[in-house]
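Me: Hi! Could you walk me through this structure?
Reply: Happy to, here it is.

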Amino acid sequence: MKYCRFEGDGQAHYGLVENLAGQETITHLLTVPPHQAAGDFQDPPLRRVEPRKLVEAALLTPVEPSKIVCVGRNYREHAAELGNEVPAEPLLFLKPPSALLAPGGRIIRPRLSQRVDHEGELGVVIGKTCHKIADDADVREFILGYTCVNDVTARDLQKKDGQWTRGKGFDTFCPVGPVISDEIDPWAGVSVQTRVNGKIRQEGNTCDFIFALDVVIRYISQVMTLLPGDLIATGTPSGVGPLLEGDVVEVSVERVGVLASPVVNEI
């Protein structure tokens, strides 16, 4: 199942996305937000609407998280390209919800930074409240679905500060979307790719995670309670690089979709 969040008649709606005649199309409205579906999203309450092509909808971020938890250096080659050691356990940091950016929204390069990088990633959306998940529990039951994330980073500020809050936390630094899907299996391998102006910059596969999703989610849950709708960014492959005004960056996750964002300088 795939769903999106979009604006219509001055309101935000969640829409079921289906393939009609080769086009991803919004066919129904979800009458209950998916993260409020009490953990049972396999048969959500729906209301039929006039079909609308996804590319023609005014898309919003498909998540409304209380927090965005990110995993750093979860690909060996990415750790190496920045001259960092491979972490012995998941390396966590947070991005503020104010950093969220809808599909098609503009990434703003802040005046404070001279080097703003793209980091394409698989995003995981939590579907059920979880805290201190047991070792023998199946973490899949806590996952609502998967999406595309761009963990935009002011690299010079990240290096200068030593901790990552400022470099990762600017408004527009967390594009997400275009949809949430439960139709993939990251444990079996899903490709993640980033293109800038049509040229491939990053290409990886979730099989190459240093820490698999079950390890990551269980580890995070030992620290903080994950709530329905919370977003986890799972780490970026090698190939991170700078974004300049006028660029268009696209993050794609196999069988999920493409998240495109133009880049502008702060005025």
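Predicted model: local features only at pLDDT ≥ 70, side-chain atom pairs only at ≥ 80, totals over all residues.

Reply: One term to start: helices (H or I, at least four residues) and strands (E, at least two) are DSSP runs, numbered from the N terminus. Residues are numbered from 1 along each chain as its sequence is written.

Me: Is T165 buried or exposed?
Reply: T165 counts as exposed, because its relative accessibility is 55%. Buried means under 20% relative accessible area, exposed over 50%, and partly exposed in between (1.4 Å probe, protein chains only).

Me: And how far apart are T165 and E7?
Reply: They are 30 Å apart in space, C-alpha to C-alpha, and 158 residues apart in sequence.

Me: New topic: what's the strand order in the open sheet of three strands?
Reply: The order is β13-β10-β18, with antiparallel pairing. Two strands pair if DSSP finds at least two bridges between them.

Me: Which strands stand at the edges?
Reply: β13 (153-154) and β18 (241-242) do; each has a single partner strand, so one side of each has no neighbour in the sheet.

Me: How many bridges join β10 to β13?
Reply: Two, and β10 covers residues 116-118.

Me: What stands opposite D117?
Reply: That would be T153 in β13.

Notes: Heavy atoms only, no water.
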